Every structure is written in structure tokens, then in C-alpha cells.
Amino acid sequence: MIVDCVIIDDEPAAIEVLAGFADRTPNLSLLSSFRDPIQALSFLRDNKVDLIFLDINMPGIGGIETARKILKAETTAKVIVLSVLDDGPIPAHLVQMGVSGFICKDTGVEQLVRAIQTVLAGDFYLSDKVA
């Protein structure tokens, strides 16, 4: 099964790392990446996506509002939130909103693979640094 994914992150370096990861991961297909959440939301309205990597701290509408809009839409896409924040109310708030996973940006490849496998199986994944 091919998993179609999208990256939404305002940091080019983060997009590059995740895009490289997707390129090296069998069955993971990167459809597109976006630095602007509004453009990403437009793309998501017109395209079926299985997995979304979403940075939480972005300018404009930001990651929290972007997640809210994605989760309100009629989509089966799983949302994994990426953040440099690893504690406090933001992770708990995102869990209540219905995101599928939360990982820290400095997470290693093994944990990223576990996060993807966990959320695609229908379970919630929380970064070891937050748990």
C-alpha cells in the first residue's frame, strides 16, 4: 500500500529532511510540500492524502488553526504534528482536537517510522520526549 503524504512546514530545512525521509522510505509517496498553510489547505481540498506532517509553529494562520481546519474537513488523512515544543498545553490541546500523533522535530528516524506505523494503524502516537 502506498501512503500519500504532504508536508506543511515554514522551515525549508525541515521540509528537506522530511522529503528526504519520504524519498528513502518504501511505500511513502510525497505528493507535495508547503511553506504556506493556506496553499496546503487548498491542495488538501482537491487531493486525497493519507498522511500529513504539520509544523505547529508557523506564521499566518499557524499550525493549530491549520490542524483544526484539516480535522473539520471530510478527510481520512492522519495528521502528525511536528514541533520543537515538547511539553505544556499545546500537545494536550492537539490531542483533544484529534490529531493522530505528536513528535518533536529532533526525533530520530526510528521514532518517525514508529509514529507513521502507529497512526496508520489507527492509534495515537506521542513522542517519547513528551510521554
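These legends go with a set of close-up views of one predicted model.

Because this is a prediction, local features are described at pLDDT of at least 70 and side-chain atom pairs at pLDDT 80 or more, while totals for chains, interfaces and linings use all residues. Residue numbers start from 1 along each chain as its sequence is written, and side-chain values rest on heavy atoms, with hydrogens and water left out.

**View 1**
Helices (H or I, at least four residues) and strands (E, at least two) are DSSP runs, numbered from the N terminus, and two strands pair if DSSP finds at least two bridges between them.

**View 1. Strand 1 and its two neighbours.**
Here we look at strand 1 (residues 3-8), where 5 of the 6 residues are buried, so the strand is largely enclosed by the rest of the structure. Buried means under 20% relative accessible area, exposed means over 50%, and partly exposed lies in between (1.4 Å probe, protein chains only). Strand 1 runs parallel to strand 2 (residues 28-34), and 6 bridges join them. To find this pairing, look for V3 with its bridge partner L28, and for V6 with S32. Strand 1 also pairs with strand 3 (residues 51-55) in the parallel sense, over 4 bridges; here I7 has F53 as its bridge partner.

**View 2. The crossover through helix 1.**
Follow the chain from strand 1 through helix 1 (residues 12-24) to strand 2, and you trace a right-handed β-α-β unit. Right-handed means that, with the strands pointing away from the viewer, the path from the first strand over the helix to the second runs clockwise.

**View 3. M1 and N27.**
M1 sits in the segment before strand 1 and, at 74% relative accessibility, counts as exposed. N27 belongs to the loop between helix 1 and strand 2 and is partly exposed at 43% relative accessibility. Although M1 and N27 are 26 residues apart along the chain, their C-alpha atoms are separated by 6.3 Å. Do check the backbone of N27 too: its phi is near 70°, a positive value in a residue other than glycine.

**View 4. Helix 2 against helix 3.**
Helix 2 (residues 37-46) and helix 3 (residues 62-72) pack at an angle of about 10°, with axes 11 Å apart. Axes are lines fitted to C-alpha atoms, for helices over the stretch in contact, and angles run from 0 to 180 degrees between N-to-C directions. The two helices are therefore roughly parallel to each other, a term for angles under 35 degrees. P37, L41 and L44 of helix 2 meet T66, K69 and I70 of helix 3, where contact means heavy atoms within 4.5 Å. These contact residues divide into 4 nonpolar, 1 polar and 1 charged (nonpolar: Ala, Val, Leu, Ile, Met, Phe, Trp, Tyr, Cys and Pro; charged: Asp, Glu, Lys and Arg; polar: the others, Gly among them).

**View 5. Strand 5 and S127.**
Strand 4 (residues 78-83) and strand 5 (residues 101-104) pair in the parallel sense over 4 bridges, and V81 has F102 as its bridge partner. S127, in the segment after strand 6, is buried at 1% relative accessibility. Not counting residues up to four places away in sequence, S127 touches F102, I103, C104, T107 and Q111.

Methods
Parallel < 35°, antiparallel > 145°, perpendicular 65-115°, else oblique.
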